[in-house]
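Student: I would like to learn how to read the features of a structural model. Could you take me through one in order?

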Amino acid sequence: MSSSQENKMKAVILYDSRTKSGSTEAIIDTIGLQLAESGAYVEKVKCKALADYSFIKDFDLVILGAPVYYFLVSSQLLGALNYGNLKKNLKRKKIAMFLTCGSPEAMAAVLYLPQLKIHLVRNKILVEKIFPSNVLSENTFIDSFVLDVLHEYNKTLKSRTGSVKWTVEAQEWLESVPSFLQSKIKTGAEEYASEMGYKEITCEMLEEAKGEFGG
Ligand SMILES: Cc1cc2nc3c(=O)[nH]c(=O)nc-3n(C[C@H](O)[C@H](O)[C@H](O)COP(=O)(O)O)c2cc1C
């Protein structure tokens with residue numbers, strides 16, 4: 001495999017919609033096309049609540065997209081987060097999300113986005129967007145979503161290559177653990193920070209990482 005292939009971002013768009021060829025699917029196809037044109041490898045997968053989502057481990061970025069019906073984010077995506085293994089497999093993944101709905105953006109941000117975000121408190125959410133039905137025909141909204149996703153994703157790569165800073169408190173804590181463990185913890189913490197897009201390692205981040213690794 002060439003190095004450009006190795007560096008290619010792999011994105012999966014997980015979506016739901018009750019309507020065949022509805023607005024959500026049309027948006028997804030445009031997003032997928034634009035990401036592919038930017039050099040990414042993209043797949044789209046329609047959600048089923050109880051499907052097996054372990055394939056997500058092969059992707060760098062997960063885009064969640066769904067419409068709102070009767071005040072709820074479409075049921076198969078919510079079901080996959082609530083009852084399936086989607087949430088488990090999204091752990092530590094970079095995420096972008098969008099909703100399509102008839103409500104104004106401000107209302108949707110309060111009523112609908114939290115229905116997804118409540119499941120993603122440990123994720124790095126790169127971009128979140130509401131696409132109100134009345135703007136769906138305007139491709140500029142989708143263009144700006146894709147540009148934001150690429151920009152934010154590339155930022156996480158840059159912070160990965162740059163050295164992650166340790167706060168004084170976190171450094172002191174590291175020095176307080178037995179010396180034979182320090183190097184392992186240091187590498188693990190720095191990898192966790194870059195995966196999550198953190199620019200600084202703090203005591204709070206170390207606690208969070210400890211919870212993630214179960215140690
Ligand atoms: C049966 C039905 C119920 C809807 N309920 C809501 C709602 O509660 N809140 C909202 O903001 N939009 C609501 N909408 C608008 C849809 O979210 C919006 O039209 C969306 O773009 C539909 O996506 P689709 O074409 O992929 O099905 C509803 C639409 C339909 C058809």
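Predicted model: local features only at pLDDT ≥ 70, side-chain atom pairs only at ≥ 80, totals over all residues.

Student: How is strand pairing read, and which strand pairs with β1 over six bridges?

Tutor: Helices (H or I, at least four residues) and strands (E, at least two) are DSSP runs, numbered from the N terminus. Two strands pair if DSSP finds at least two bridges between them. Here β1 (residues 10-15) pairs with β2 (residues 41-46) in the parallel sense over six bridges, and Ile-13 has Lys-44 of β2 as its bridge partner. β1 also runs parallel to β3, with five bridges joining them; Val-12 stands opposite Val-62 in β3.

Student: What is the handedness of the unit made by β1, α2 and β2?

Tutor: A crossover is right-handed if, with the strands pointing away from the viewer, the path from the first strand over the helix to the second runs clockwise. The β-α-β unit of β1, α2 and β2 is right-handed.

Student: Which strands does β5 pair with?

Tutor: β5 is joined to β3 by seven bridges, and the two run parallel; in this pair Ala-66 stands opposite Leu-99. β5 also runs parallel to β6 (residues 124-132), with eight bridges between them, and Phe-98 stands opposite Lys-129 in β6.

Student: How is burial judged, and how many residues of β5 are buried?

Tutor: A residue is buried if 20 or more other C-beta atoms lie within 10 Å of its own, exposed if 12 or fewer, and partly exposed in between, with C-beta atoms placed from the backbone. Eight of the eight residues of β5 are buried, so the strand is largely enclosed by the rest of the structure. In β1, five of the six residues are buried, and that strand is mostly covered.

Student: Which residues of β5 point one way, and which the other?

Tutor: In a regular strand the side chains alternate between the two faces of the sheet. In β5, Lys-94, Ala-96, Phe-98 and Thr-100 point one way, while Ile-95, Met-97, Leu-99 and Cys-101 point the other way; all are buried.

Student: Why is Leu-116 classed as buried, and what does Leu-116 contact?

Tutor: Leu-116, in helix α6 (residues 113-117), is buried because 21 other C-beta atoms lie within 10 Å. Two residues are in contact if their C-beta atoms, placed from the backbone, lie within 7 Å. Leaving aside neighbours within four places in sequence, Leu-116 is in contact with Leu-64, Val-73 and Met-97.

Student: Which residues does Phe-145 touch?

Tutor: Phe-145 belongs to helix α7 (residues 139-161) and is buried, with 23 other C-beta atoms within 10 Å. Not counting residues up to four places away in sequence, Phe-145 touches Ile-31, Phe-98, Val-127 and Lys-129. The C-alpha atoms of Phe-145 and Met-97 are 9.5 Å apart, although 48 residues separate them along the chain.

Student: Where is Phe-71 found, and is Phe-71 buried or exposed?

Tutor: Phe-71 is found in the loop between β3 and β4 (72-73), and is exposed, with 10 other C-beta atoms within 10 Å. Its phi is near 70 degrees, a positive value in a residue other than glycine. Arg-92, in the loop between α4 (86-90) and β5, has phi near 65 degrees, again positive in a residue other than glycine. Arg-92 is partly exposed, with 14 other C-beta atoms within 10 Å.

Student: Which residues come nearest to the ligand?

Tutor: A residue is near a molecule or strand if its C-beta atom, placed from the backbone, lies within 6 Å of it. Of the 16 residues around the ligand, Gly-22, Thr-24, Pro-67, Cys-101 and Ser-103 come nearest. Two or more shell residues are given by each of α2 (23-37), β3 (61-69) and β5 (94-101), and β3 supplies the largest share, three residues.

Student: How far apart do the centres of domain 1 and domain 2 lie?

Tutor: Domain bounds come from an automatic or database domain assignment, which here gives domain 1 (3-159) and domain 2 (165-213). Their C-alpha centres lie 30 Å apart. Five residues of domain 1 are in contact with six residues of domain 2.

Conventions:
Residues numbered from 1 in each chain as written.
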